[in-house]
Each structure stands twice: as structure tokens, then as C-alpha cells.
Amino acid sequence: MTTSFSAAALTDPKLQIPTYHTLSSLSAASSLNRNALPIPSSTRSSTLIIRAVSTPAKSETATEQKRSKVEIFKEQSNFIRYPLNEDMLNDAPNLSEAATQLIKFHGSYQQYNRDERGSRTYSFMIRTKNPCGKVSNQLYLTMDDLADQFGIGTLRLTTRQTFQLHGVVKKDLKHVMATIIRNMGSSLGACGDLNRNVLAPAAPILRKDYLFAQETAENIAALLAPQSGFYYDVWVDGERIMSAESPEVVQARNDNSHGTNFTDSPEPIYGTQFLPRKFKIAVTVPTDNSVDILTNDIGVVVVTDDNGEPQGFNLYVGGGMGRTHRMESTFPRLAEPLGYVPKEDILYAVKAIVVTQRENGRRDDRKYSRMKYLIDSWGIEKFRNVVEEYYGKKFEPFRSLPEWEFKSYLGWHQQGDGGLFCGLHVDNGRIGGKMKTALREVIEKYHLNVRLTPNQNIILTDIRAAWKRPITTILSQAGLLQPKYVDPLNVTAMACPAFPLCPLAITEAERGIPSILKRIRAMFEKVGLKYNESVVVRITGCPNGCARPYMAELGLVGDGPNSYQVWLGGSSNQTSLARSFMDKVKLHDLEKVLEPLFYHWKQKRQSKESFGNFTSRLGFEKLKEFIEKWEGPVVAQTTRHNLKLFTDKETYEAMDGLAKLQNKNAHQLAIEVIRNYVASNQNGKGMTTEQNSLGAVTVW
């Protein structure tokens, strides 16, 4: 592999690299010697050449492939430093175009408030990197403070087990970043064209397979972390604040026996160009699909023997959610089996997959740069053959696995060491207001560590049994209720932030999902579905799929102002891909589309058939026929509790007026109020007069 640079190359922020050698595929039959090639002396003395990839230099007459603008920014950045380091020194409220792309590698996006008209008010979102979702007590309290002091007063839990801190202005950015780094945190690689946060089950269960999955996720994260120091140079003036790495990680990173590395490079795996696009990895154990395993570039599954001892890993490859509207050549894709590796080989196998994508993924058009498009183009057999060249071995046959299940880990559970953990539902991952205050009180008072889940929830860990009651009381008073009091629709629902800060948003997601879920619950009640019945609902403001809507039983993907593309057919355990059902469904027309589908699901489903499976079985033509012929549910006479809720006309009319403001009828709102009253008291919280007023009741 050819990478040559001088000491000046790392210190000159305006380094320009005039020559670029494009990527080339490595055929399964070829095996190139990828040790350093000599650079002619004339080149050393005049023009510095940094080759981005592990291929011999092409002749000067070779035709250069088209490259995206971001590839040029990376090439000229001196390993993701310039011009970001210079932009951070000026007084402008925003960054230049190149720096806006480069700061993503540091874990931040430049944004502006799209609710405002006229001039733009710029701010930055900072995303942390927390393998397995692990967050120390010190880091949680730090993030809580930063949200109040420099953000918008809230913390956002993401679908990849990280924090997002919104609203940081440029003049405060370095201080905030440095504070995170010095308090056991990092945002390095949380965004950008490299490996993102590595997922693993968040539950702190002291079982061998869970512990091994979490350890493996942390080792993979360390293996694929950038090494050239650009992050620390920009935010803490070159000071390295890093934890010790395991010898296995160091050995796997440095190993170049199969031509994976850039020799003598500060980035032995990434080189100057890093990856063609973002790269996502998840690790889990059999049955536990809390991580949406099939949506990742690489899915890693622990395989154990009959005694529960980890023996190796099954590997999936090629998952990904992002797509572009009206471009059928872009699509979401499920990962597929690649093979099995012994446990001691996992880091080498992962590295070989990453290098295959680095070498062969497209760099000309970022819409097609994810690894899923490479595998779709090549086919799994060719992809496997090329990976095996870098791995140095043949993959063993994929081991059989049991059925996957979605596990939320909400509520109280035993850890296995005498301690407890408590999973708390956080609507849309947004921690703010009384909830934020209560979490701070509990985490600080009892010195708890936390875990963030891939479903935007939070787990409090290492709780003594004696603390359970006081903690439950504090949390319930802030609306953090036990899971049996959380609407089942809310338990599995997810939404991306979308408006007002995401520059890609086409319509609402996080701000819109609470009312949409209430409308779906009202539809359920109207057609006779029970309260404990649910569907997996995921909403995104654009087609990039951050909340993984293409795996939902009902996915709503923004395709215009107050308009959604409806996706149907995902499974409740996130193992089936949904399909596009209808375009341009206006927000106010959701009932016209969904109500007949829910009604016929209730009437025509097979035993225990989920909504997603039902829509797949009947087919879209039949479902559209239901919608076209819909005239409302046929109300059958059923035996049920006939509770008289209103003793006088005046009370009924007052309730009915309030209900209409929430798109409900009087009976629905009354049941909601009663349900919340019961839930609050059963959680140890007596409702105050203010809370008991109809306008203040919130469904958690």
C-alpha cells in the first residue's frame, strides 16, 4: 500500500495534493503485494503525493474517475483539519462549505432554525459517540449541564444510542467539545464518512453472551476510530485524552499481512480519503433485536455453545436505510448473511469488510456510496470472495439462529449481581422539562450510570433494591411511568428530529408524532381494536431514514409539506422490509387511509397476525380497494362494560368541546383522563388539582 508524506504534511494546514489515484476493484483471483512502493526522488523533492487507497499508482495517462466534492474536501484537508481549524478562529457565525463537511467527522453538524424567516441564525448540533450506549455518571451530568448552559435546554437520545445536543453557537463550540472530551466523552466519528457509533444491547445483564457482545462492540469501535489526532488538535489543542486500548485491538489495527493498511500513515485503515460514506455496525446476541441488526452495514451476532460460552460470530452485511424520493435506483436494504468467524478473528473480519468497502465503494455520487449498493451490484458471492482476500481465510458457514424479538427493556429488572436496572420510556428521545430535572436528581443523588437504547430510551443501572421505591416516586412525578402505563403505540414508535433544525427535513416528524399517535389510538378505538394492541410506527421528515421507517409496520416518510409517503409491511421484530404503499398522503387525510386498514386488520387477520404481516399477506391492491370502498366501520353489538361517564348534559358538553380540540370524542377524552389518573396514583403520585384539569393531562 502506498502512502508517503513528510512531517510538514501534518503541520501545514494548507496542504494541497494535486494528484489523486482512484480506487480500483480487487478481483477475487488477484492477490496484490501491498507493501509500500518507492516514490521517485523527483516526486519527493517537488510534489507530495498521498494516494488515498491501497492500489499501485496508475500511469499518468490513466483516465481519472469523477469524484464528489466531499472527496476533494477530504483530500485537501490534511487529515480532516483544514480549513476547519482556521474557520474556528474567525468571528463568522457559520463555517465555510468545506469546513461544514469536515466538522461532521468531529461529530457535529451546522444547522439553522428553519422556523425563522429572513436571515439565518446558525447553530451546531453535537452528537456524542457511546459504544453500547454506555454513559458514565460524570458524562451524563456534564451533558445535562451543557444542554442548559449552551444548548436549547433539552437532550436528544438518538436511534444509535448517543446524545444529540442542539443549539450550540460557534463561539461556544470549542468549549463545549473540550468539556465533553474532558468528562469521559467523545464525539469523534459520530458523523462523517467513517464508522459511526457501534450498537449493542443496552441492558446491563451479567450474562456471558451479553457481556461479550458489549465488549466486542467497544473493541470494534476502538479498532475503527481515527488515529491521526485531528479531533484533539482542533478541540483541545493537541492534548490526547484517551483510554487504554486492549492489545487485541492494537494488534488487529496494525496487522497488514493481507494488504489492508496504509503503511506509515497516521490513518492506517482510513488513509486520507476515509470511507466513501458513513458506515454502521451493530453487535447483539441471538433473539435480541433491540439493535435493528439487519439495518446495518455489518451485523455481528454472538454464537455460543450449549453452556453459554461465546465461540464466534455470525456476520450480516449490506443493510442500510437511506434512499431518495423518485429515484428507484436508491433503496433501503436488509443485510444478508456473509458467514461465521471464530471469536478471535472478529476484528480482522470486520476490518476486511471495511477495507473492501473503502477500496470499491463509489466515490463519484454519494447517493450510491453506501456498501449496500456495492453488494447489490456485485452479489454476495463476489463480495465474500473479495473480503476473504483481505481477511486471509474462508468464512465458515453461517450458524443457525432462533427467531428475533424486539426487546425494549422498559421497567425494573435484575442485573444478575444483586443490583437492579430500570428502563424508562422517553417519547421521541427528547429529555426536557420535569423529566430532565427528575432524571438529573436521581442520577446525581444515587450516582447512577446510564445506558442509551437504540429505541431512544434510557436505562438507569446499578440500582440497589432499597432505592427502588424512592426512585420510582421521583420518576413518576415527572411523568416517567412504569411501562404498563405507557401506551403500547408509544413504546415502539420512533421519529427523527426533522423541523426546525434538520436541513434535510421536508416535513414534521418529532413534533408531529405525538398527535399522530393519538389519532391512531382514536382510530383503534373507533374500529374496536383493544388498548393493548399496537403497530410499530416510525416517522421521518425526509427519505434518509434516520428513524428506520422502512422497517416499521407503518412508516411515514416526509415527501412534502404536511405530506407523507406511507410504507407498509415491516414486521414487529424488525426483520422484514416495508414497501412504499402510497405517496403524497396529506396529514389531515391519514384517517381516510389508515382507518379502513385497521378495521379490516381486526376483521380479517389470522390468529395473532401482526398488522405488518397482514398488509403483506393481503397485498397492496386489496388494501387500496378497502380504502376506496370505505364508508366507516360496521358497529357490532358487543358485550362490554357500559360505564356511564357523564351524569349531566353540562359536563358532557364541556368535555365534548375540549375533546374536539384534540380530534377526539368526549368518551375518548374521558377515558384518557381516567386512565392517567389511575396510572398516576398506582405509581405513587397523587394528581394535583392543576394536573387533574383536562388541559394539563399528558399521555405517557
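## Charges over rings

A charge sits over a ring if NZ of Lys or CZ of Arg is within 6 Å of the ring centre and within 35 degrees of the ring normal. In this predicted model, the charged end of R605 sits over the ring of W601, 4.8 Å from its centre. R399 lies over the face of Y340, 3.7 Å from the ring centre.

## Basis of the values

The model is predicted, and local features need pLDDT of at least 70, side-chain atom pairs count only at pLDDT 80 or more, and totals for chains, interfaces and linings use all residues. Residues are numbered from 1 along each chain as its sequence is written, and side-chain values use heavy atoms, with hydrogens and water left out.

## Aromatic pairs

The whole structure holds 21 aromatic pairs. Rings of Phe, Tyr and Trp (its six-membered ring) pair if their centres lie within 6.5 Å; planes under 30 degrees apart count as stacked, over 60 as edge-to-face and the rest as tilted. The pair of Y112 and Y122 is edge-to-face, because the ring centres are 6.3 Å apart and the planes stand at 65°. This pair links distant parts of the chain, with Y112 in strand β1 (residues 108-112) and Y122 in strand β2 (residues 122-127), 10 residues apart. Helices (H or I, at least four residues) and strands (E, at least two) are DSSP runs, numbered from the N terminus.

Y599 and W630 form a tilted pair, because their ring centres are 5.2 Å apart and their planes are at 55°. Y599 belongs to helix α18 (residues 590-604), while W630 is in the loop between α20 (620-628) and α21 (649-661), 31 residues apart. Both Y599 and W630 are buried (under 20% relative accessible area, with exposed over 50% and partly exposed in between; 1.4 Å probe, protein chains only). Elsewhere, ring pairs link F105, F230, Y270 and F274 into a cluster.

V301 is part of strand β7 (residues 298-304). V301 counts as buried because its relative accessibility is 0%. Leaving aside neighbours within four places in sequence, V301 is in contact (heavy atoms within 4.5 Å) with residues including T284, I293, F313, L401 and W404. T284 and V301 are 17 residues apart in sequence and 5.0 Å apart in space, C-alpha to C-alpha.

## Helices α6 and α14

Helix α6 (residues 137-150) packs with helix α14 (residues 433-445) at an angle of about 150°, with the axes 10 Å apart. Axes are lines fitted to C-alpha atoms, for helices over the stretch in contact, and angles run from 0 to 180 degrees between N-to-C directions. Among the residues making the contact are Y140, L141 and D144 of α6 and L439, R440 and I443 of α14.
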